[in-house]
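Hi,

Here is the structure I said I would pass on.

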Amino acid sequence: MAFKALVTVGGFDFPEPSSYKGNTATLVDSARNVQGKMVGSVIRDDVGKIEMSWKYLTVKQWADILKCFSIARGGKFINSVTFFCQDIGDWTTRKMYVSDRNANMFRRDPKTGEILGYTDVSLSLIEV
């Protein structure tokens, strides 16, 4: 099998993350009855969420990732995301939205003022 990006958003392969965390959720409509016991039912099963982080990304790499989610720059809030899914032990494609995107500025070139990159970069993608 040829090398495949761990995460692809709208056809754009993300750089290999330093950390990758999968989450599978079951959505339940529930409450407690008068005896204090949980009553409810599953309303959706196997909802995926992935959290990624990078120790370092260049300015261009981070901008290219963020562009995927920027409507003003041709991206979308909800994207078709192909990722390695823990539920099935294989790649799957699902519709997902992006949560907060975080990055720490690495440093600036003292002569030009140019930003050189970012550290501790992270984002999460959550299935719709």
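**The sheet**

Strands β6 and β7 form a hairpin with 6 residues between them, and Gly113 in the turn has a positive phi of about 85°. Before going further, the ground rules: this is a predicted model, where local features need pLDDT of at least 70, side-chain atom pairs count only at pLDDT 80 or more, and totals for chains, interfaces and linings use all residues. Residues are numbered from 1 along each chain as its sequence is written, and side-chain values use heavy atoms, with hydrogens and water left out.

Helices (H or I, at least four residues) and strands (E, at least two) are DSSP runs, numbered from the N terminus. Two strands pair if DSSP finds at least two bridges between them.

Some of the pairings in detail:

- β6 and β7 run antiparallel and are joined by 9 bridges; Arg107 stands opposite Gly117 in β7.
- β5 and β6 run antiparallel with 8 bridges, and Val81 stands opposite Arg94 in β6.
- β4 and β7 are antiparallel too, joined by 8 bridges, with Trp54 opposite Val121 in β7.

Most residues other than glycine have a negative phi. Asp46, though, has a positive phi near 60°; Asp46 lies in strand β4 (residues 38-57) and is partly exposed at 38% relative accessible area. (Buried means under 20% relative accessible area, exposed over 50%, partly exposed in between, with a 1.4 Å probe and protein chains only.) Asp120, in strand β7 (residues 115-127), also has a positive phi, near 50°.

**Salt bridges**

Taking a salt bridge as a side-chain nitrogen of Lys or Arg within 4 Å of a carboxyl oxygen of Asp or Glu, the count comes to 4. Glu127 and Arg44 meet in one of them, at 3.2 Å from N to O. That pair links distant parts of the chain, with Glu127 in strand β7 and Arg44 in strand β4, 83 residues apart. Glu127 is buried at 14% relative accessible area, while Arg44 is partly exposed at 30%.

Glu127 also forms a salt bridge with Arg94, where the closest N and O atoms are 3.0 Å apart. Arg94 lies in strand β6 and Glu127 in strand β7, so this pair ties together parts that are 33 residues apart in sequence. Both Glu127 and Arg94 are buried. Through shared partners, salt bridges join Arg44, Arg94 and Glu127 into one network.

Then there is Asp64 with Lys60, the closest N and O atoms being 2.7 Å apart. Both lie in helix α1, 4 residues apart, about one turn of the helix. Asp64 is partly exposed at 25% and Lys60 is exposed at 56%.

**Aromatic rings**

Rings of Phe, Tyr and Trp (its six-membered ring) pair if their centres lie within 6.5 Å; planes under 30 degrees apart count as stacked, over 60 as edge-to-face and the rest as tilted. The structure holds 7 such pairs. Phe14 and Phe69 are edge-to-face, at 6.4 Å centre to centre and 85° between the planes. Phe14 lies in the loop between β2 (12-13) and β3 (19-32), and Phe69 in the loop between α1 (59-67) and β5 (78-85), so the pair ties together parts 55 residues apart in sequence. Phe14 is buried at 5% relative accessible area, and Phe69 is buried at 8%.

The rings of Trp54 and Trp62 have centres 6.4 Å apart and planes at 55°, so that pair is tilted. Both Trp54 and Trp62 are buried. Ring pairs link Phe12, Phe14, Trp54, Trp62 and Phe69 into a cluster.

**Around Tyr97**

Last stop: Tyr97, in strand β6 (residues 90-108), is partly exposed at 28% relative accessible area. Leaving aside neighbours within four places in sequence, Tyr97 is in contact (heavy atoms within 4.5 Å) with residues including Phe77, Ile78, Glu127 and Val128.

Cheers
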